[in-house]
Every structure is written in structure tokens, then in C-alpha cells.
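Student: I would like to learn how to read a protein model. Could we go through it one feature at a time?

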Amino acid sequence: MMTSPPWAERPGRAGGLAKGLVLTFVVAAVLFPIYMVVLTSLSTQEAVSRAGGLVTAPGELSLAAYRQLFAGGVVTRAVLVSLGVTAAGTAISLGVTVLAAYGLSRPGSLMHRPLLFLVLLTFLFGPGLIPSYLLVSSLGLVDSYWALILPTAVTAFNLVVMRSFFMSIPGEVTDSARIDGASEFRILRRIVLPMSKGVTAVIGLFYAVGYWNSFFNAVLYLNDNAKWPLQVVLRQYVLQGQSLFVGQSGTGTIPGQALPPGLAVQMAIVVVALVPVLFVYPFVQRHFTKGVIVGAVKG
Amino acid sequence: MNRPPGATTTRRGFLGLVGLSAAMAAGGGLLGACSTPSGPRPGSGGATAAAAEKLTSLAPAYTPFPGVRPDIPGIVSDLPGIPGVGGGFTTYPTSPVPALTRKAGRGGSYKAMTPLWGPVPPGLADNSYFQAANADIGATVEFQITDGTVYVDKAIARLASGDIPDIMVIPSWEIEKMADFNQAVDKAFEDLTPYLQGDKVTPYPLLANLPTAAWEWSVWNGRLMAVPFPTEPFPFALLYRKDLFERNGWNTAPKNADELYRLGKEITDPKGKRWAFGDIHEMVWTIFRIPQEWRYEGGRLVHKYETPEYEQMLEFMRRLFAEELIHPSVVSSKGANEKDLIGGGQITVYRDGLGGWKELLQQHRGKNPDFALDAFPVFAHDGGKPLMYHNNAAGIFTFVKKGTPKEKVEEILSILNWCAAPYGTKEYELSNFGVEGKHFTRDDKNVPQLNDLGRKEVAPTYLFLGGRPIFVDWVAYPDAVKANMEWQQATFPHVEKTPFDGIRIQRPSRFSGLQVPTEDKFTDIMRGRRPVSDVKQIVAEWRRDGGDEARDFYMKILRDNGRA
């Protein structure tokens, strides 16, 4: 009878049970907070007050928090802005990153060492706030959606991961394509990219999440409030009533100004900000491990 | 561009250079609920001071606006740089008066950058409230609203790049984070002295209605650079649950530290989930007559940490902590929400700005009509003369872009004049509530209440352009207005006159940076983690690390101003 190594043996009944329990616990530890957040966002103010915070047991349910959030039209608009920026930004970022990574992965391509050095330099030194602003404003990008995309279009980390993946593709494959008369573009499109679906999906997700979450650049570069993406708009809700300075001194508080938003609204904000990423993740997830360990095993 | 920390005042400095915070721990009270009033004041590169007389001569001539009279009169401050007490309204004026007789604007169009801590309203094109207010003004103001919590980053970037909006609002606590604001202010913003100094303010009667003390804070480099947002005098008070106190017959006017302690003993009942105190230690400073920052005695400046009273205060606080008279979640975490605790009756006394009073009433009066708060009359630890700290007289500043043509500057000032319309005027009502019937309706007490459209479109925007006299205007709670006003009037005579009142000083950054680490050490003493005898050592470290250097800096200011 063939003996298998210890880690490949079927676990005993007790072992299986223990593993099951541990895994269940881990999954619950991840899911329970999300469950609480979603449930709280769907609860009435009374249910939240009774629970004294996050709701764990379903009580009266209501969509009031979401209605309040979407009532003004400001949030709806911001969702569209964010979707647009995310779609366009991810496409641009992926395109540029793939092209740059491919070029830099080919041995002997023009100036690839100095170029790579420049890219790696941005790992170590980020431009400061003011130089970035000066650049963006002198390019005339203030108050333009491009200000959210162009300054962050290429991330050195993603570029390096992708480059090392491309380098792991055996030279024989591309050589044979070249013998068949394929141009570099054709090799990239027909040979290299189809072999790199995993890494492309992962890097695409990284970029997309980055664009979806873009906050600081938006605060900085967009003066026109109608152009604000979702995260900036949502944050304003969370801030509500928090630090109005006159509020502290008291007498000058703004009459008629609503009280800080209920917990339900805050949790609805979390849900709205989270859902798209949560929705996309399962589709990319199977590529994830493969994509990220690329750099790890390549010597 | 940074001058070394601790740089002394220069001749230019004497002539009226800048400086932001006169020695005030309490000035930080403006920071709002998210931070404690004595929080750290990020230092600026330079450290300068401006002389008192110069500031007063630059201010516009004060002419009170006769149209609105509060039900309870306030106190006009004649203390240099210290805000007075605004009046109080117990009812909403039956028919708001128009503050202006003719259109403020001349059809110009301006962009204004303002902070906001709340949901952003729809933009000008889709916002009937903005449109209505602009129509009344007679000019187009388009707001560039920016998240109040990251305002400084954006403001710095715009100042550095020269991308300045026509009208720019900058809170004082953000200015203090800008190392080179003294220089930036001249490059970025228009000098308003020729438009507003002395009697030149006449075309803008509502700006003339702003207190002189507030204007004194608007001076940079010897020029009037901004329209100030006035504040009220007191950073905080000891608020207590009046309803619980009356029901239980507790002492609502402790006369000395021992009575406060005994009150704590009487109230605290951990089994009944009730503790006497929240975080009260900053008010305990005043009870022990610790100076707001420096005390000048015998030809020498003594810092508050060095006073014997500070050590007494630490001993007292240590006893409150040791005997568990302070709510455990306040003890354990800085983030405990004391408003929730006092609202739920788990604590009965805490330190807060007077604004917390109104907020708690809004949250709890509806469900519990008996819910009431009040503030302990100020008292001293030994039963002697009490002492109270004061705020800086202006909290936010509105600047006009440099290079704006004269007639445009005049139009902008005229718009700011409109925005300065005080409580009880038509303009105030429009800028705070929108249009009657469209954005708000009146409740049974005649008070405007926003409707759905109002909640969607009306946001504090015009409110931040300049400022207006501060009134206690909680007309929904006339009992609280009376109690608040009585407390303020009774407290005002006890406002501490500091050695530096009326002089604007920008703290040396090294000195500012010392505050948090030093006070953390004192906190260790209060919490019983270090013996009280360590005070000497902590003070020695403080002196070594910049305290003595700061003392020299401040002494020079006193000498330069002829006060030492």
C-alpha cells in the first residue's frame, strides 16, 4: 500500500470536525461584522436605539437610511461618477501597465534599465502634495476627471508584478511566434496576454479598487462639488455635525441643521461603498493567488 | 522659508506681524467636538507677535446694528482681543427685519471655497436655495465646498500653487498648521485695510457690527487681511444634569474643590451604573486658578505647569480617578462619547462647550420633556475668587484673492456684508433656512424648520463667508437660553486677563510640540501610574526641552510691548 506523506492523509473524524469548527469560526468572524453592518443599515432608528448600537437580531426593517442617502440625487450622481472614473481609469491603467511591463520585460528593449530604474524610484520617493498639485494644475487638469486618473495611472508595484510575470513566460514561446512572423504587438495580444489572464485580472482589480476608493485626489483636485466621486460625498455624511466649530462654542450652532446621522445611515454608507467591490471580487478571486505569488517563486 | 523655532520677535514683528494664537490653550476650543479645547496646537515655523495698539487702530469702527435687539442683552467686551458675551433670544422674532436696504451685489460672479462638515448640497445649477440667496444678493456666489477635515491640505496646495478662488475661507486652526502663512497671506490675498479701516467700513454696516476684538485677529503683517468670524468667550463649562440633580437634591452650586469631591462621592454608584463625572480635568484647571498658559509675577513669567496650583490640581484629579468617581469608559478610552453617557444618566457632570448643551437638548427633550442641563457657577478650589479661560475672538477668516480689481473687492465685501446679517434679519433667515414655504415652514413657536427640499439643498455655506455677532439663539429651549445667559453674564467678570491679551503671538513650534508629551506625563500622575512627586522632574524635562526657551521668547514679547 502506498504511503502518502502526512499532510496528504485523510484527516480523522475528530481532526475533520476540529478543522470544520475552526474554519466555521473564521468564516463567521469575517461574515458576522458584514451581517451586522447590513442589518443595521436596514433597521429603523428605534431598532438601533434598542440595540444600543449595531443591530444583531433583526427587528423592524426599513429602507429609510438608503432613501435618505439617495434622496438628494447627489449620491446617485456620485455613484455614476465613481463608476465612470473606475471604468475609464482601470482601462487606461491596465493598458499602460501592460504595455510598459511587456516592453520592460523584453531583454534588450530600448533603455529598459534606466526606465525600470525610474519606475522603481517612485517606490521610494513619492512626490509631495504641493509638487503634485502644481503639476496637475499646470497641466490644466484641476476640476477635471483626468486629475483622478492620470496621476495614479501607473503603480510601480503593479508594473513590477506584471513585468516579472511576463518574464516568466518561456522565451521559446515568443521565439516561435516570432519565427512565424508575428510582430511584438501581435505576440503581446495573441500569446502573452492570453497566458496572463490571472495576473491581468488581479492587477485590474487592484486598479479598480483604487479608483473606486479615490478620495484624497478628488478632494484636492475637484473644486466643483458636482464632480465629486462617491467616497468624498459619503464621507461628508459621516462628518455631519461632527466638528462644526461653532457647535463647540454653542451659541452659533446652525439652526435647523440636522443632528448627526443615525447609525443606520452610516452603515448604509458602508454598504454602498462596499457593494461593488464585494460584487466584483468573486469573479476575480480564482486568479488571485496565482497572480500575486508570481513574483514570489520567480527567482 | 521656515524660520527656526523659537525665533524672537523682530522689529517687523513688533510692527504688527502676525501671529496667530495668543497664548491660549483654550483657543483650541474652536476645534470642535472632535478634539479637546486644549489640544495640541501644531506649531508654525515662525514665531511672532503683533502689538496691541496697532491692531486696534486697524480695525473698522464698531457701530452696532440697531435692527435686532436680543431678548437678553449680552456684554460688550472692552478687554483687548477677548470676545464679549452675545445676547440671547428666547423667542424667534415675529417678523424678521431686512438688514439691507439695497442689493448687495452688482451682478458679479465669484467662486468661494468654504469648509463643510456635513452632506454636500447639489451644485448651483440644481439648487434652488443657492439660486434664491444669490438672487437676493444680486450676484452669483458659487461655492467650492471642501471636506472640513482635510481642508488644510487643499488650502495649502491652492495657496502654494497660486490657484486661489475669489473668496477663500480658512479656519484659524488650519492657519496654524501652515508654516509660512505670514508670507503666503501677502502673496495670495488682497489687503482690506484701505476698504475697512476705521470709518471706511461705513458702506458695510453689518461688517461694522462685528466686534472689534474679532477684527484684531484679522491682522497679518500690519494689515487687515480678512473678515473674521466672531466667537464667544468661553471654551467650556461644567455642565450637569439639572433634572437628575433636582430630583435627588444634589448640590447644584459647589463652592470649592472639596464640595465638588463630596458631590462626586454622593452621586457615584457603580452598582446603579452611575458615576459623577466624565472628563472634567480641563475645568478643574480653572477651579485651581491655574493660568491659561503663563502668569506674570515678580518680573518673571511662570508657566502653568510650574505653578503650585498645577500640582494641587493633579492631586485632586488623582483622587477622583483613584476613588473611581469618573466613568470607567472615560477612564479607559479617549473615545468614549460623553454626550451619550450624560444623555443616558451614566454620568451627571462633564466638561463641554456650551454648544453641547443645545445638542443634548435636541437629542433628549423630545423623548424626555424633563431633560435639563445647567452649568455650575464658576468657583475656585479654596472658595476664593474664581477664574475662567477665554477663547480667541475670531475662529474663521474670509480672504479675498489678491489682484482683484477695486470695484470687485467692493462687491465682494458687500456680499460679505450681506452674509454678516445677524440673527433675526430677513437675510439671516434666507441664508440659514432658504425661502419660506419652499425650503422651510414655521413651527408653533414661529421657528423656521427645514422641509425635505430644505434638508436637501440648504447647507452652511454663506454662513462661513465672514461671520456675524454670536447670539444664544436656542429659541426652542427658552429655559436653557436664560440659564446659559445667566451663567455667561455671571462668569464674564471672572475671565482671566492674561499677560498677552491683545497681542497676537504665533507660538514657537518646538514649544507647541512639547504640550502633548508633557501632558501625557501629567496624565500618568492623575491616573496613579506615577507619583505626584514626579511633577518636579516632569517640569524639569519640560524646561530643558523648550520650556525655558519659550519663556525667553514670551518675556521678550512682554518687554517689546512695554509690559515688563
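Student: What radius of gyration would a compact globule of 564 residues have, and what does chain B have?

Tutor: This is a predicted model. A compact globule with 564 residues would have a radius of gyration near 24 Å, and chain B has 24 Å, so the two agree. Along its principal axes, the C-alpha trace of chain B spans about 65 × 60 × 35 Å.

Student: Which domains does the assignment give for chain B?

Tutor: A domain may be made of several separate stretches of sequence, as here: domain 1 takes 11-84 + 106-233 + 392-488, and domain 2 takes 237-389 + 508-541. Taken over C-alpha atoms, the centres of these two domains of chain B are 31 Å apart.

Student: How many helices and strands does chain B have?

Tutor: Chain B has 22 helices and 17 strands. Contacts tell you how the sequence is brought together: among those in chain B between residues at least 6 apart in sequence, 80% join residues at least 24 apart.

Student: In what order do the five strands of the open sheet in chain B lie?

Tutor: The order is S3-S2-S4-S14-S7, with mixed pairing. S3 (140-147) and S7 (227-230) of chain B are the edge strands, each pairing on one side only. Ignoring direction, neighbouring strands of this sheet are turned by 20° against each other on average. Helix H4 (residues 151-161) of chain B packs on the sheet and touches S2, S3 and S4 of chain B. The direction of H4 makes about 120° with that of S3(B).

Student: Which strands pair with S4(B), and in which sense, parallel or antiparallel?

Tutor: Take each neighbour in turn. S2 (residues 109-116) of chain B runs parallel to S4(B), and two bridges join them. Across this pairing, B:Met113 stands opposite B:Met168, and B:Ala112 stands opposite B:Ile167. With S14 (residues 394-400) of chain B, S4(B) pairs in the antiparallel sense over five bridges. There, B:Ile170 stands opposite B:Phe397.

Student: Is S4(B) covered or open?

Tutor: Count its buried residues: in S4 (residues 167-171) of chain B, five of five are buried, so the strand is mostly covered. On one side are B:Ile167, B:Val169 and B:Pro171, on the other B:Met168 and B:Ile170, and all are buried. For chain B as a whole, 55% of the 564 residues count as buried.

Methods:
Residues are numbered from 1 along each chain as its sequence is written. Chains are lettered from A and ligands numbered from 1 in the order in which they are written. This is a predicted model: local features need pLDDT of at least 70, side-chain atom pairs count only at pLDDT 80 or more; totals for chains, interfaces and linings use all residues. Domain bounds come from an automatic or database domain assignment. A residue is buried if 20 or more other C-beta atoms lie within 10 Å of its own, exposed if 12 or fewer, and partly exposed in between; C-beta atoms are placed from the backbone. Helices (H or I, at least four residues) and strands (E, at least two) are DSSP runs, numbered from the N terminus. Two strands pair if DSSP finds at least two bridges between them. The radius of gyration is taken over C-alpha atoms; the globule rule is 2.2 Å times the number of residues to the power 0.38. Two residues are in contact if their C-beta atoms, placed from the backbone, lie within 7 Å. Axes are lines fitted to C-alpha atoms, for helices over the stretch in contact, and angles run from 0 to 180 degrees between N-to-C directions.
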